Amino acid sequence: MLRTGARRGRGTDPAAGDDPLDAAQERRVRAVLALGGVPQADLPDGVQQVRLRLLERAASGQEAPRDVSAWAAVVASNLAMDWHRAKRRQERLGERLAALRPAEAPSGEETSLLSLAVARGLDALTDAQRQVVVLRFYADLPVRSIADQLGVPEGTVKSRLHTAVRALRARLHEDEVV
């Protein structure tokens with residue numbers, strides 16, 4: 001059981017709803033988080049994380065740290081590092097997603113025209129060709145999976161795809177969409 005309040009002259013029972021951090025410890029945790037670069041808006045969450053870890057420690061039957069204030073400061077410092085790591089991960093993910101976007105996104109009108117032309121082109125294909133195009137490019141299935149699912153050789157799937165893509169390309173050029 002945590003005994004953070006014992007140093008303050010009273011026992012602390014987390015189950016009774018007592019705060020495992022006193023005001024001075026909370027200020028120290030906030031300061032460590034802020035100095036660690038955590039934005040002001042995220043400080044309350046950081047303080048709550050420290051409280052939660054103290055309560056989890058008590059609930060698991062571990063002894064209370066000898067110096068709760070120092071222990072809480074170290075946990076806050078670790079949380080600040082975790083915050084920075086997560087921020088860097090988010091930035092890297094954003095960069096990767098930005099790299100996947102086309103340099104110049106077509107306007108809504110261009111997208112609508114292209115979608116309509118592709119739909120017309122798909123309608124002009126045979127059922128077998130349309131099926132492999134949809135499975136390959138819309139469902140994103142590999143050729144081997146399409147062949148297995150349709151019960152045809154991979155070469156047949158490739159041939160149908162080739163013929164269908166060539167027909168779609170011709171249709172889009174014919175309609176002057178691309």
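This is a predicted model: local features need pLDDT of at least 70, side-chain atom pairs count only at pLDDT 80 or more; totals for chains, interfaces and linings use all residues.
Biologist: Which secondary structure elements, helices or strands, does the protein chain have, and how many?

Modeller: From the N terminus on, the elements run α-α-α-α-α-α-α. No strand is found in the protein chain. The count is zero strands and seven helices.

Biologist: What share of the contacts in the protein chain joins residues at least 24 apart?

Modeller: The contacts considered are those between residues at least 6 apart in sequence. Of these, the share that joins residues at least 24 apart is 55%.

Biologist: What percentage of the residues in the protein chain is buried?

Modeller: A residue is buried when its relative accessible area is under 20%. The protein chain has 178 residues, and the buried ones make up 25%.

Biologist: How much of the accessible surface of the protein chain belongs to carbon and sulfur atoms?

Modeller: The accessible surface comes to about 11800 Å². Of that area, the part belonging to carbon and sulfur atoms is 52%.

Biologist: Which residues make the nonpolar surface patch of about 320 Å²?

Modeller: One of them lies in helix 5, which spans residues 127–138. That residue, Val134, has 33% relative accessibility and therefore counts as partly exposed. A patch residue needs over 30% relative accessible area. The patch is made by Val134, Phe137 and Tyr138.

Biologist: Is Asp140 buried or exposed?

Modeller: Asp140 lies in the loop between helix 5 and helix 6. Its phi is positive, about 60°, although Asp140 is not a glycine. The cut-off for exposed is over 50%. Because its relative accessibility is 58%, Asp140 counts as exposed.

Biologist: Where around the axis of helix 6 are its buried residues?

Modeller: The buried residues of helix 6 are Val143, Ile146 and Ala147. They cover an arc of only 100° around the axis, so they lie on the same side of helix 6.

Biologist: Which helices do the buried residues of helix 6 pack against?

Modeller: Those buried residues are Val143, Ile146 and Ala147. Their packing partners are helix 7, residues 154–174, and helix 5.

Terms used: Residues are numbered from 1 along each chain as its sequence is written. Side-chain values use heavy atoms; hydrogens and water are left out. Helices (H or I, at least four residues) and strands (E, at least two) are DSSP runs, numbered from the N terminus. Buried means under 20% relative accessible area, exposed over 50%, partly exposed in between (1.4 Å probe, protein chains only). Contact means heavy atoms within 4.5 Å. Accessible areas come from the Shrake-Rupley method with a 1.4 Å probe; for residues, only the protein chains shown count as cover. Patches are made of residues with over 30% relative accessible area and no salt bridge: like charges are joined within 9 Å, nonpolar side chains (Val, Leu, Ile, Met, Phe, Trp, Tyr) within 5 Å. A salt bridge is a side-chain nitrogen of Lys or Arg within 4 Å of a carboxyl oxygen of Asp or Glu. The arc is that of the directions from the helix axis to the C-beta atoms.
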